[in-house]
Every structure is written in C-alpha cells, then in structure tokens.
Amino acid sequence: LSLIIHRGGRVVNVMVDAFHDSLPLMNDLSIKTSLNGSAKHRAGYDALPTQPLVDDIRSYRRRWPVLVLLCVNVLLLNLNWVFFSPISDVVMCYYRTSTFWANAVSMCYMVAYIVLVGPVAWLLQRVGLRVCMVIATASIAIGAWIKFAGTDPQYFWLIIAGQLVAAIANAIEWSAPSLFSSVWFPPHQRATVTAILGSACVQGGALLSYVLGTQIVHSDSTTDVCGPNTTASSDQYATWSNEIYNRLFYYQLGHSIFATLMFVVTLCAFPAAPPTAPSASKQLMNKMESSVGEWLRLIFSHVHFPMFVVAFSINITVNSAFIVLLNEIVLFTFPGHQVDVGYMGAVVLVMGVVCVFIVGKCLDWTKKYYLSSVIICGLGMVSVALFSAVVQFQKHISVVYVAVALIGATLTPFQGVAYEYAIEMTYPLPEGTSAGIMNMASQVLSIAVIVGMGVLISNRWIFAANWMMTGLTFLCVVLTAFVRPDLKRHKLDT
C-alpha cells in the first residue's frame with residue numbers, strides 16, 4: 001500500500017507492506033485509528049489505521065547527552081549492587097558476619113526486583129522515564145547515606161537497609177534500556193544503545209567496584225588477621241579494624257556524595273520523551289491501548305518467548321554469580337591476591353565494553369538476532385569452562401587473567417542482544433514488559449544459584465561451584481538454538 005501524504009507543503013511517499021505478516025499480535029489490542037487519537041476500535045486487521053502510520057518521524061540530537069546521563073546512572077546503580085563483593089573477605093571479618101550475609105548485600109537487589117517488577121512496569125507506562133529516573137536516583141542517594149551510617153562494624157543491619165532502599169532503582173533501571181532506546185533512537189541505532197545500557201554499563205558499574213573497592217578498602221595485614229588459621233592478637237585486630245574503618249568511611253562518603261550529585265543532575269536535566277517517535281514501530285505502539293492481562297496472555301502465547309526467558313535467565317545468573325563470587329573463587333586458589341581481583345575486574349570491564357559495542361553495531365547492521373545469540377552463548381560456555389579448568393588446575397595467575405577476559409568478552413554482550421531480541425518476539429507489547437519478565441526470572445534463578453554456590457564455596461567445594469556454572473551455560477546454548485521467532489518490529493520498520 002503506497003500512501004501519499006501532504007503535510008505542510010511537503011509530499012512524502014510512505015510504503016506500508018505486509019501487515020498480516022508483520023503485525024499478527026494486533027488482534028485483541030485497542031488501536032487509536034486517527035492521528036489525534038479520537039477514534040478507537042477493537043483491533044482485528046480491519047482496525048488498522050486508514051490514515052498514515054508515519055507522521056513526522058524523527059530523532060533528536062539531544063538524545064546523545066541524555067544517553068550519557070543514563071549511562072552514568074546505570075554505572076552508579078551497578079557499582080552499588082556489588083559494592084562489598086570485591087572485598088567480601090574484609091567485610092566478613094570487619095562486620096564479623098557469615099558468607100551468606102556478605103553475599104546477601106548483593107542479593108538485596110535481586111529480591112527487591114522480584115517484588116517490584118510489576119509495579120515498575122506499570123509505572124514506566126503511566127508516567128514515563130523521567131519520573132521513574134528521578135525516583136531511581138533518589139533511592140540510590142538515600143540508600144547510600146543509610147549505608148554510610150552503617151560504617152561502624154556494629155551497624156551491619158544499616159548496610160542491608162540501605163541496600164534495600166537503593167534496590168528500588170534496580171527495578172527501574174534494569175527495565176529501562178530497551179524502552180529508552182525505542183523512545184529516543186531510530187531503528188539503526190537501537191541495538192547498540194540497548195547493548196550499551198543493558199550490558200556494558202551494567203557490567204561496567206559492577207566491575208568498576210572491583211577496581212575501586214580493592215584499591216581503597218584493603219590492608220596488607222588482612223590475610224594475617226582474618227585468615228582461617230590466624231593467630232592474631234586482639235590488639236592486632238583492633239589496629240586492622242581501625243584502618244579498615246577509615247578506608248571504608250571515605251569510600252562510602254565519596255559514593256554518597258556522588259549519588260546525591262547524580263540525583264540533582266537527573267532532576268534538573270533528564271527530559272521527558274521527545275515530541276515525536278523515532279520509528280514507525282514506536283509511533284504505532286504509542287497509539288495502542290491494552291490491559292496488563294492482554295499483555296501477559298499475548299506474551300505467553302508464543303512458545304519461543306518462555307524458552308528464551310529461561311535461556312536469558314541462565315546467562316544472567318552465570319554472569320551475576322561470576323561477578324559476586326569472583327573474589328572468593330580467586331582467593332581460594334590464589335590467597336593474598338586481593339589487588340589482582342580488582343585488576344581482573346578492570347580487564348573484564350574493558351573487554352566487555354569493547355565487545356558490547358562491536359556486537360551492538362553488527363546487530364544494527366544485520367539484524368541477525370538468532371545467529372548473534374547462539375554464537376555469544378556458545379563462546380560464553382567455552383570461556384566459563386576455561387576459567388573453571390584454570391582455577392581447578394591452579395595455573396599461573398596470568399592464565400586466570402586470560403580466562404576472565406574471555407568471560408567479559410562473551411558473557412557481557414548477551415544481555416543487550418536479548419532485550420532487543422525479546423522485543424522483536426513480543427511486539428507490539430511495551431518494551432519494559434518483556435524486559436521485566438526476563439529480569440524477574442533471572443533474579444529468581446540468580447538468588448538460588450548464588451546461595452547454592454556460596455554453600456559449596458564455604459564448604460571448600462570450589463571446583464564443583466565452577467563446573468556448575470559451566471553446565472548452566474551449556475543448557476543456555478541448547479535452549480537458545482531452538483528459539484526461532486519472527487522479527488515483528490523489524491518487519492514494520494522496514
């Protein structure tokens with residue numbers, strides 16, 4: 001169907017083709033058929049708009065500074081997520097707590113996400129990104145100051161409380177990448193932006209904490225004072241504890257000040273949605289109305305999406321377990337290498353960011369979602385198996401660097417690819433809905449696996465924990481290979 005549009009003295013030729021192939025999910029959704037939204041019809045294919053679908057579609061240059069601002073917020077959020085994981089040995093000794101509670105600081109994010117994903121998905125659709133981002137940055141700042149108040153070793157419960165408050169932001173910002181890219185960016189840039197926000201910044205913030213935490217909160221006498229066979233006196237422990245208190249005090253103070261600054265900047269500078277949509281698919285989605293029940297029914301009517309949710313959950317679980325437990329895994333085999341753990345985090349960060357950008361650009365050019373997913377999952381399985389073997393056979397620490405670099409290059413890009421792939425499967429449902437369901441499933445599995453691996457590690461079955469991750473990545477490859485959906489959004493945009 002060729003539509004000739006006359007707008008403001010300009011004549012635009014718009015080609016609209018293959019609606020029956022590209023929009024099968026239009027059934028049972030309400031569509032505003034006029035451009036001003038005055039008329040609504042229950043949708044079969046007969047309810048498709050008779051007026052032009054493409055109405056002043058454009059993108060704006062200010063999308064780039066908005067992207068930078070959101071990237072910094074996501075980095076800050078995920079730095080806060082694993083704030084204590086790189087120094088878990090110090091935390092357990094300083095606060096006199098167990099492995100479970102040291103890991104529980106990170107798992108607060110996962111528990112809160114499971115509880116809040118539904119309300120957040122509704123809130124994103126109702127009030128938009130700006131209000132949600134202001135709420136998110138406020139929760140990070142408030143949570144940071146509560147944790148700062150818990151610097152004293154007697155107030156570990158304030159660390160947990162502050163982390164739970166900050167976890168509100170996790171539910172918002174983990175659902176935001178695909179929504180933000182579709183609201184602000186045209187089709188040829190969406191995959192790259194989603195990959196940057198959903199993969200590079202998430203992993204980058206978490207692994208940045210490895211660099212900062214191990215460099216700031218450390219002591220040369222930690223192994224002597226806190227080791228399993230320590231003979232340190234009470235005076236030695238008191239001296240060590242005072243040193244850690246001072247380092248932790250300034251680390252948390254700097255984090256709290258920066259979080260407050262980002263809240264102020266976001267409140268003043270983060271804009272609402274642009275005046276016009278950047279793509280035909282987003283414009284059409286903006287003209288639809290549907291209930292939550294319809295969303296869920298249509299999502300789970302596709303056999304490919306539930307299968308892909310399981311594959312995504314496994315990949316994210318392995319990635320999360322690797323980040324949270326890296327310090328404990330490495331120090332088990334290489335005692336006294338706390339600083340090396342921080343450098344390993346930096347290696348994973350650099351490799352992850354580079355590969356995320358490459359994969360995102362390739363996906364924007366080719367739209368080969370299936371091929372990209374299978375290759376990334378396959379390489380991820382190989383890299384995790386290599387890491388497990390290196391740790392088990394206690395190779396030189398330099399070989400561990402190579403293994404973790406490969407994990408950063410292969411596991412990190414999948415999250416951004418998966419968000420875009422899921423939207424293609426479930427279009428025209430809201431972007432935050434598919435991302436929210438996938439993230440919720442991944443958080444449930446992550447909690448179970450991290451707790452299970454923590455039990456194995458505390459019982460010194462470190463190698464069983466590593467090969468458990470390898471087995472999960474193999475299952476991820478198998479499931480991803482059977483996911484072959486239609487690319488509904490891509491068909492409409494082209």
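1. Burial and overall make-up. Of the protein's 494 residues, 58% count as buried. This is a predicted model. The protein contains 19 helices and five strands. Among contacts with a separation of 6 or more, 83% are accounted for by residues 24 or more positions apart.

2. Helix α2, length and burial. Helix α2 covers residues 63–81. Its 19 residues should span 27 Å at 1.5 Å a residue, and the C-alpha atoms at its ends are 27 Å apart, so expectation and model agree. Of these 19 residues, 14 are buried, which means that α2 is largely enclosed by the rest of the structure.

3. Packing of α2 on α9. Helix α9 is made of residues 234–269. The axes of α2 and α9 come within 11 Å and cross at roughly 150°. Angles over 145 degrees count as roughly antiparallel, and the two helices are therefore roughly antiparallel to each other. The crossing of α2 past α9 is left-handed.

4. Residues at the α2 and α9 contact. From α2, the contact takes in Leu 69, Val 72, Asn 73, Leu 76, Leu 79 and Asn 80. From α9, the residues are Tyr 251, His 255, Phe 258, Ala 259, Met 262, Val 265, Thr 266 and Ala 269. By type, the contact of α2 with α9 has 10 nonpolar residues, four polar and no charged.

5. Packing of α12 on α18. Helix α12 (residues 304–333) and helix α18 (residues 462–481) have axes that come within 9 Å and cross at roughly 160°. That angle makes α12 roughly antiparallel to α18. The crossing of α12 past α18 is left-handed.

6. Residues at the α12 and α18 contact. On the α12 side are Met 307, Val 310, Ala 311, Ile 314, Asn 315, Val 318, Ala 321, Phe 322, Ile 329 and Phe 332. They meet Ile 462, Phe 463, Asn 466, Met 469, Leu 472, Thr 473, Leu 475, Cys 476, Leu 479 and Thr 480 of α18. The residues of the contact of α12 with α18 comprise 16 nonpolar, four polar and no charged.

7. Ile 314. This residue lies in helix α12. Is Ile 314 buried or exposed? Its relative accessibility is 4%, so Ile 314 counts as buried, the cut-off being under 20%. Not counting residues up to four places away in sequence, Ile 314 touches Leu 445, Leu 472, Thr 473, Leu 475, Cys 476 and Leu 479. Of these, Leu 472, Thr 473, Leu 475, Cys 476 and Leu 479 are in the α18 part of the helix contact. The C-alpha atoms of Ile 314 and Gln 443 are separated by 9.9 Å, although the two residues are 129 residues apart along the chain.

8. Helix α13 and the residue after it. Helix α13 runs through residues 338–366. At 1.5 Å a residue its 29 residues should span 42 Å, and its end C-alpha atoms are 42 Å apart, so the two values agree. Just after α13, Lys 367 takes a positive phi of about 60°.

9. Ser 383. Helix α14 (residues 369–392) contains Ser 383. With a relative accessible area of 3%, Ser 383 is buried. Setting aside neighbours within four places in sequence, Ser 383 is in contact with Leu 406, Ile 407 and Thr 410.

Key: Residues numbered from 1 in each chain as written. Predicted model: local features only at pLDDT ≥ 70, side-chain atom pairs only at ≥ 80, totals over all residues. Heavy atoms only, no water. Axes fitted to C-alpha atoms, helices over the stretch in contact; angles between N-to-C directions. Helix = DSSP H or I, 4+ residues; strand = E, 2+ residues; numbered from the N terminus. Parallel < 35°, antiparallel > 145°, perpendicular 65-115°, else oblique. Left-handed = near helix turned anticlockwise from the far one by under 90°. Contact = heavy atoms within 4.5 Å. Nonpolar A, V, L, I, M, F, W, Y, C, P; charged D, E, K, R; others polar. Expected span 1.5 Å × (residues − 1). Buried < 20%, exposed > 50% of the residue type's maximum accessible area, 1.4 Å probe, protein only.
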